[in-house]
Amino acid sequence: MNRVNIDKKLLEWAAQCDALTDTPLLNWLGANNGECAIVPIPSDTRPSFISGDREVTYDFMFQVMFQLSETTDDVNTDNMFALRGWQDWIDEQEETGNYPDFGEKYSCYELQNLSNMPQLAEVYESGMAKFQFPVRLIYLEEK
């Protein structure tokens, strides 16, 4: 079977999100405001079916770097609003059946937000902060 670069296909698919503040990179989150990344997360492997087909779980973290504010302006709430826009986009893709195109040997997709809100993951001395939320993509890989 010809292997498909599913990570590349996932990035191409994610770049369709109008709410993104930058083009997502795989496993690399820059330090500038609005830079974003997709970081795969290890998950349990599932046994193959008798046919040799297997159900695959691809968990990943959507991450973004945003400037924080220590005042009463709208910067922090705008950051969360933008991130919730990303989560809404994930939900919309599940509703409309718009999944990454891994090719003809892949089917039965399911997409899920794994949290109800983005998380503040890390704050840096520069005033920048890393925000993230987890997503799960499940699909069938045919033998």
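Helices (H or I, at least four residues) and strands (E, at least two) are taken here as DSSP runs, numbered from the N terminus. On that basis the chain holds two helices and six strands, arranged from the N terminus on as α-β-β-β-α-β-β-β. The structure is a predicted model, in which local features need pLDDT of at least 70 and side-chain atom pairs count only at pLDDT 80 or more, while totals for chains, interfaces and linings use all residues. Residues are numbered from 1 along each chain as its sequence is written, and side-chain values use heavy atoms, with hydrogens and water left out.

**Overall dimensions and burial**

- Taken along the principal axes, the C-alpha atoms of the chain fill a box of roughly 60 × 30 × 25 Å.
- Of the 143 residues in the chain, 40% are buried; buried denotes under 20% relative accessible area, exposed over 50%, and partly exposed the range in between (1.4 Å probe, protein chains only).
- The chain exposes about 8,500 Å², of which carbon and sulfur atoms supply 48%; accessible areas come from the Shrake-Rupley method with a 1.4 Å probe, and for residues only the protein chains shown count as cover.
- Among contacts (heavy atoms within 4.5 Å) between residues at least 6 apart in sequence, 65% join residues at least 24 apart.

**The E141–R54 pair**

- E141 belongs to strand β6 (residues 128-141), and R54 to strand β3 (residues 54-67).
- E141 forms a salt bridge with R54, the closest N and O atoms being 2.7 Å apart; a salt bridge requires a side-chain nitrogen of Lys or Arg within 4 Å of a carboxyl oxygen of Asp or Glu.
- This pair links distant parts of the chain, with E141 in strand β6 and R54 in strand β3, 87 residues apart.
- E141 counts as buried because its relative accessible area is 9%, whereas R54, at 35%, counts as partly exposed.
- The side chains of E141 and R54 also make a polar contact (2.7 Å). A polar contact is a pair of N or O atoms within 3.5 Å; within protein, one must be able to donate a hydrogen and the other to accept it, and residues adjacent in sequence count only if both atoms are side-chain atoms.
- A further polar contact joins the side chain of E141 to the side chain of Y106 (3.2 Å).
- Leaving aside neighbours within four places in sequence, R54 is in contact with S48, F49, Y139, L140 and E141.
- The C-alpha atoms of R54 and L10, 44 residues apart along the chain, are separated by 19 Å.

**Other salt bridges**

- A search of the whole structure finds four salt bridges.
- One of them joins the side chains of R46 and E55 (2.1 Å, N to O).
- R46 has a relative accessible area of 34% and is therefore partly exposed; E55, with 28%, is also partly exposed.
- The side chains of K130 and E122 meet in another salt bridge (3.7 Å, N to O).
- K130 counts as buried because its relative accessibility is 17%, while E122 is partly exposed at 36%.

**Aromatic pairs**

- A pair of aromatic rings is described by the distance of the centres and the angle of the planes.
- Rings of Phe, Tyr and Trp (its six-membered ring) pair if their centres lie within 6.5 Å; planes under 30 degrees apart count as stacked, over 60 as edge-to-face and the rest as tilted.
- The count by this rule comes to 13 aromatic pairs.
- The rings of F66 and F131 have centres 6.1 Å apart and planes at 55°, so the pair is tilted.
- This pair links distant parts of the chain: F66 lies in strand β3 and F131 in strand β6, 65 residues apart.
- F66 is buried, with a relative accessible area of 5%, and F131 is likewise buried at 4%.
- Y58, F60, F62, W86 and F133 form one aromatic cluster.

**Backbone phi angles**

- Most residues other than glycine have a negative phi.
- N27, although not a glycine, has a positive phi of about 60°; N27 is found in the loop between β1 (25-26) and β2 (36-41).
- C108, although not a glycine, has a positive phi of about 55°; C108 is placed in strand β4 (residues 106-113).
- C108 is exposed because its relative accessible area is 59%.
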